[in-house]
Amino acid sequence: MIVLGIETSCDETAAAVVADDRRILADEVLSQIEDHRPFGGIVPEVAARAHLDLIDGIVERAMEKAGIGFQDLDAVAATGGPGLIGGVLVGVMTAKSIAAVVDVPFIAVNHLEGHALTARLTDGLDFPYLLLLVSGGHCQLLAVEGVGRYKRLGTTIDDALGEAFDKTAKMLGLGFPGGPAVEKAALSGDRKRFDLPRPMKGRLNADFSFSGLKTKVRQTIEGLPEGPLQTQDIADLCASFQGAVEDVLCDRTANAIETFRAMFREPVTPQTLVVAGGVAANMPIRARLEALASEKGFQFAAPPANLCTDNGAMIAWAGIERLQLGMTDDLTFKARPRWPLDPDAPSAIGAGVKA
Ligand code: KG4
Ligand code: ZN
């Protein structure tokens, strides 16, 4: 079984070809970072136009690299949401058109499901597993029970973690996207120099909050001597920020691990903690979560960094999983700007995030 996957929900235009034996035959990603850089963040209209310009070329390139023709495809999958609607429409329309012409099923994939199932592509994991999904638009802990079957154990009540990284980077003049820049600057900084808050730490649930941390970063910058920020101050603040984020993630995930353990009492042993989404590319965060998992007797899995940030392979793989279960969509599918993985989860107060 071979599936073409298309991802256009944010600022990456991506297409990939994946086979059901977990081989990635092609994985092409074009970042629009340069288009958005002058604005210091993603501009939806700019993104939609860029996707339109890039999509045909990138699909062609992916097919060429895979060395197959459209007739060799068993289905075409595209991110159907959540995300910036202009971009999602471009991907969905392209996938539907190819599927209609080749006469194979079209599959609308929830972008978050793409992130959630990546560990099955990379590590061949069995269900169920515990997932920490941390990206530019989301910060959630989920019990992944099967394809399309998710229980949300915790979520952010305000900002997503990637957003907090991006805003911190912006305040420090580190540019966009901020996550990798903050991670790098933190390497030469002193984690103990600034006392930043650990929001929600110690609470019994598995929810997150990052707006207070962001505010404290701003106040700390304002408290520094006037004039241009010094390289060491930037490094120390990034290191302190990393430290706070790692502490919070471990504290919240530790609670979710206990909930997960109670949910699946007779487990498929051993149980596994997976981290996915763009922020999962952050090496110190991975290391801390791996240590937590081992302390709790859990296995740990994290996809390689290029499959943590947005990509087409995760959409193609989720397409394969759905195709195997007969879960295809018809051409009347409408792109969904919002699309929660667990529709039964109560909405967290103030959760202004994408899903
Ligand atoms: O999953 P993703 O590519 O797009 C969304 O679905 O949101 O995640 C993008 C987010 C951005 O906020 C980016 O700053 C963050 O992931 N990110 C990182 C790192 N690489 C990307 N955050 C921290 N450390 C990184 N190395
Ligand atoms: Zn994503």
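**View 1. The open five-stranded sheet of the predicted model, with helix 4 packed on it.** The 5 strands of this open sheet follow the order 8-7-6-9-10 with mixed pairing, where helices (H or I, at least four residues) and strands (E, at least two) are DSSP runs numbered from the N terminus, and two strands pair if DSSP finds at least two bridges between them. Strand 8 (149-155) and strand 10 (299-301) stand at the edges with a single partner strand each, so one side of each is left without a neighbour in the sheet. From one strand to the next the twist averages 25°, with axes taken as lines fitted to C-alpha atoms, for helices over the stretch in contact, and angles running from 0 to 180 degrees between N-to-C directions. Strand 6 (residues 129-134) and strand 7 (residues 139-146) are joined in the antiparallel sense over 6 bridges, and Leu131 has Leu142 of strand 7 as its bridge partner. Helix 4 (residues 111-123) touches strand 6, strand 8, strand 9 (272-276) and strand 10, and its direction makes about 125° with that of strand 6; contact here means heavy atoms within 4.5 Å.

**View 2. The site of the zinc ion (ligand 2).** Along the chain, the donors follow the spacing H-x3-H-x194-D. His115 lies in helix 4 and Asp310 in the loop between helix 10 (305-308) and helix 11 (313-324), so the pair ties together parts that are 195 residues apart in sequence.

**View 3. Polar neighbours of ligand 1.** A polar backbone atom of Gly136 is 2.8 Å from an oxygen atom of the ligand, while a polar side-chain atom of Asp166 lies 2.7 Å from an oxygen atom of ligand 1. For Glu183, a polar side-chain atom lies 2.7 Å from a nitrogen atom of ligand 1.

**Notes to all views.** Residues are numbered from 1 along each chain as its sequence is written, and chains are lettered from A and ligands numbered from 1 in the order in which they are written. In this predicted model, local features need pLDDT of at least 70 and side-chain atom pairs count only at pLDDT 80 or more, whereas totals for chains, interfaces and linings use all residues, and side-chain values use heavy atoms, with hydrogens and water left out.

Terms used. Donors are N, O and S atoms within 2.8 Å of the metal (3.2 Å for Na, K and Ca); water is not among the atoms, so sites may look incomplete. A polar contact is a pair of N or O atoms within 3.5 Å; within protein, one must be able to donate a hydrogen and the other to accept it, and residues adjacent in sequence count only if both atoms are side-chain atoms.
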